[in-house]
Amino acid sequence: MLRSMLTSMLTVFPSKIKTRNYSNTIIIAITNSPQPVRRNASTEYMLLQQQHNPTSAYVHLPFCRKRCHYCDFPIVALGLSSPHGDEDEDEDDPRIVNYIDYLCREIKATSVPSNYNKSPMETVFFGGGTPSLVPPRLVSLVLETLDAKFGVCTDAEISIEMDPGTFDVEKLKDLMNLGVNRVSLGVQAFQEELLKSCGRAHGVREIHEAIDIVGSCGVENWSVDLISSLPHQKSHMWEESLSLTIQAKPTHVSVYDLQVEQDTKFGSLYTAGEFPLPCENQSADFYRMASEMLRDAGYEHYEISSYCKSGYQCKHNYTYWINKPFYAFGLGSASYLNGLRFSRPRKLKDYKDYVQNLENGLVNCFQDSKVDAQDIAMDVVMLSLRTARGLDMKSFGKAFGSSTILSVCEVYKPHIESGHVVCLDEQRREIAAEEFSSLLSEGNKINEVLAYIRLSDPDGFLLSNELISLAFNVLAP
């Protein structure tokens, strides 16, 4: 299925859980000799991309108290002691101090691609791991290094992932004084038994304490992360987690469906879709429930796993969805520059060797690397169709050719008729299936009228893997 095609792409992002395929439906599309993406399209698209200098940085802080049973991210387990990281300066964990030193060295040694201007960072995202385990004075060193290297806008969105039980009021206020203005709280579930089955280091009491701390510190922009399709998770449990989240009034909610990864404890215990994990239909029901409850509570479903109150989209993550270039630093992180994705080593020793080689001029991420037009086109389609905004067909056609637009329209025609794919004009007015068919039959007429293609919510999003795969088959036949 498409999951294997998406895995390398999705690991770029700081989300704790990757979205999985919700349906076992097999969709077969037959097209009449689809036109491959034009080979010079990569050049044209790069010219368009160069209008956007990188203004976002993802920073990986890999430290956790313990590894959760579902996690396959590169982390360093510190143990369960000193959860607040509030020791005297002389007692900072040497593993954290040493890592921060290498991280800052990497930032300093990173070169700005020649075709980009040096632009200040508009968003910085500290992901992990559990970044809230890192003492604020060390977070400050990273921000100072980023500012010295690139500059950081005074009104930049600076996000940090925090787990319940790893911070107190003093620590959060210290982070806010550094410029942190967005918190992503890793709740995952509100049931003690589910938290234990996941191997989480916190309980329900710590969740409520963390929510109170965020509120008392006056954090306006904050998110709650939840996981569905956990072992033994029932519908009423999921409904309770959603209800308690809504009662807490975060400005943003991220909802992830459990992805069972091979090299994890869950991977050795469970098979996706088999008891005690929910079946595919149950997982789909969880997704529909989240979409309905959160939208009814005033949250905009702006990305396949993301909901927000008006004006509170995660600006950093939206950089990914619109395929803008960004920097990434730290263990296992992946940057996106000049149309290429470059990942750092996932093992700590290898990462340290990488930083030393970078400083010695032995690392060139872009030397002899060529951008493939098909890869870029598939990136754009996959990322755009994750969003409520959808795929900008005008820009896509300009970069990759009108024949590509026609091929994509042909393959999506039956799914427009079924309501899983929605077509919009320049004013974002929905184009009915009958009108779409008429425009398509007139050839170039569809290019004049069609402005966006998006997936319907929730049923189109539930079939996102299959629908994106259909476009992939057109772009790279």
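Which residues have the most contacts inside the largest nonpolar core? The legends below take that up first. This is a predicted model, in which local features need pLDDT of at least 70 and side-chain atom pairs count only at pLDDT 80 or more, while totals for chains, interfaces and linings use all residues. Residues are numbered from 1 along each chain as its sequence is written, and side-chain values use heavy atoms, with hydrogens and water left out.

**View A. The largest nonpolar core.** Ile100, Leu103, Phe126, Val142, Leu146, Leu172 and Trp222 have the most contacts inside this core of 87 residues. A nonpolar core here is a set of buried Ala, Val, Leu, Ile, Met, Phe, Trp, Tyr and Cys residues joined through side-chain atoms within 4.5 Å; buried means under 20% relative accessible area, exposed over 50%, and partly exposed in between (1.4 Å probe, protein chains only). Helix α3 gives the largest share of the core, 7 residues. Apart from this core lies another, of 56 residues, with Tyr302, Leu385, Ala433 and Leu439 among them.

**View B. Helices α3 and α4.** The axes of α3 (residues 94-109) and α4 (residues 136-149) come within 9 Å and cross at roughly 5°. Axes are lines fitted to C-alpha atoms, for helices over the stretch in contact, and angles run from 0 to 180 degrees between N-to-C directions. The two helices are therefore roughly parallel to each other (angles under 35 degrees count as such). On the α3 side, the contact (heavy atoms within 4.5 Å) includes Ile100 and Leu103, and on the α4 side it includes Val142 and Leu146. Its residues divide into 10 nonpolar, 1 polar and 2 charged; Ala, Val, Leu, Ile, Met, Phe, Trp, Tyr, Cys and Pro count as nonpolar, Asp, Glu, Lys and Arg as charged, and the others, Gly among them, as polar. Helices (H or I, at least four residues) and strands (E, at least two) are DSSP runs, numbered from the N terminus.

**View C. Two cis peptide bonds.** The bond from Phe275 to Pro276 is cis, with omega near 10°, and Pro276 sits in the loop between α9 (265-269) and α10 (280-296). Asp457 and Pro458 are also joined by a cis bond, with omega about 10°; Pro458 belongs to the loop between β17 (452-455) and α18 (459-462).

**View D. Positive phi at Ser229 and Lys249.** Ser229 has a phi near 65° and lies in the loop between β7 (221-228) and α8 (235-248). Lys249, with phi near 60°, is in the loop between α8 and β8 (252-257). Ser229 is buried at 1% relative accessibility, whereas Lys249 is exposed at 66%.

How values were computed: Parallel < 35°, antiparallel > 145°, perpendicular 65-115°, else oblique.
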